[in-house]
Amino acid sequence: MTRLAGAQHGVLVLSCQDAPGIVHAVSGFLMQQHCTILESHQFDSPTSGMFYMRVEFAQLEGGPLDIPALRATFEETAQQFGMAWRLTDTAERQRVVIMVSKYAHCLIDLLFRNSIGELNLDVVAVVSNHPDLENIAAFYGVPFRHIPVTRETKAEAEAALLDIVREERVQLVVLARYMQILSDDLCRQLEGRAINIHHSMLPSFKGARPYHQAHARGVKFIGATAHYVTGDLDEGPIIEQEMLRVGHALDPEQLAARGREAEIRALAHAVRWHTENRVIIHGNRTVVFE
């Protein structure tokens, strides 16, 4: 069937215990609503017994979708199978805060990708514990909020961040090399809607100057991991990882430069997949429909 140009798209994402008839119920629901399926992915986990699905759809005649009415109508099917689910308009721009410290590469990459339409974000603020990157936010027309953080003011700084999240109706917080550890309470309040990026090398190196540690050990692979934020530092559900092979000729600064390449790619992929409703969290793992 020919897809009408410019048609509004909806997306339904769900998870539940696997059972017969789920796909039939979802496709039947969409057929009854005079919708056609444009893209469909599903995964049946043999280890957990869970079923995961993402379906993108549009009206058969290319007309507008009544998203609230579709949600209300789907509720009966969702209850029948005990689904955790969400149904949204794919064109809806997610409201995002990007947090940074002094490293600019991830911030610049996200703002540039968003400016050319590669990401579908409404970046309501760049928040930083340092003033250094205000000019970058200004270049892209994004408000900049400088919230200094010390050991004595950490609680007040996190409260100020949460005020921004509430006032701006923020749906996603992106830690784009924000070099502060978030409190357990803040992690809980942002659960499932905060993404972090950090280096990942084999073997792993924690603490200061990781690329210098890696150089001293002669690593052959470096990379980056994008994951959801939890109270366990750098241990949240993984969304995306990038790895690069490196050799003995690279000095620590060159290793760090290669690492920045991996960081921007992994973070951009994770942000895009999250905001396109392609990620389902299950425990400490994710199902990602790329």
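The model is predicted, so local features need pLDDT of at least 70 and side-chain atom pairs count only at pLDDT 80 or more, while totals for chains, interfaces and linings use all residues. Residues are numbered from 1 along each chain as its sequence is written, and side-chain values use heavy atoms, with hydrogens and water left out. A search of the whole structure finds 15 salt bridges, and the structure holds 4 aromatic pairs.

**Salt bridges**

- A salt bridge here is a side-chain nitrogen of Lys or Arg within 4 Å of a carboxyl oxygen of Asp or Glu.
- R54 forms a salt bridge with E39, with the closest N and O atoms 3.2 Å apart. This pair links distant parts of the chain, with R54 in strand β3 (residues 50-59) and E39 in strand β2 (residues 35-44), 15 residues apart. Helices (H or I, at least four residues) and strands (E, at least two) are DSSP runs, numbered from the N terminus.
- R54 is buried at a relative accessible area of 1%, whereas E39 is partly exposed at 22%. Buried means under 20% relative accessible area, exposed means over 50%, and partly exposed lies in between (1.4 Å probe, protein chains only).
- R54 also forms a salt bridge with E56, where the closest N and O atoms are 3.5 Å apart. Both R54 and E56 are buried.
- E158 and K154 meet through their side chains in a salt bridge of 3.9 Å, N to O. The two residues are 4 apart in helix α5 (residues 154-167), which means that about one helical turn separates E158 and K154. E158 is buried, with a relative accessible area of 12%, and K154 is partly exposed at 25%.
- Salt bridges that share partners join E39, R54, E56, R272, E276 and R278 into one network.

**Aromatic rings**

- Rings of Phe, Tyr and Trp (its six-membered ring) pair if their centres lie within 6.5 Å; planes under 30 degrees apart count as stacked, over 60 as edge-to-face and the rest as tilted.
- The ring centres of F139 and Y140 are 5.0 Å apart and the planes stand at 80°, so this pair is edge-to-face. F139 is exposed, with a relative accessible area of 66%, and Y140 is partly exposed, at 25%.
- One aromatic cluster is formed by F29, F74 and W85.
- The charged end of R177 sits over the ring of Y103, 4.7 Å from the ring centre. The criterion is NZ of Lys or CZ of Arg within 6 Å of the ring centre and within 35 degrees of the ring normal.

**Helix α8**

- Helix α8 (residues 252-275) has 24 residues and reaches 34 Å from its first C-alpha to its last, close to the 34 Å expected at 1.5 Å a residue. The expected span is 1.5 Å times one less than the number of residues.
- D251 caps the N-terminal end of α8, with a side-chain oxygen 3.1 Å from the backbone nitrogen of E253.
- Just after α8, N277 takes a positive phi of about 55°.

**Residue V55**

- V55 is found in strand β3 and counts as buried, at 0% relative accessibility.
- Leaving out residues up to four places away in sequence, V55 touches G10, V11, L12, V26, L30, I37, E39 and S40. Contact means heavy atoms within 4.5 Å.
- V55 and A270 are 215 residues apart along the chain, and their C-alpha atoms are separated by 19 Å.

Definitions and conventions:
Polar contact = N/O pair within 3.5 Å; in protein donor to acceptor, adjacent residues only side chain to side chain.
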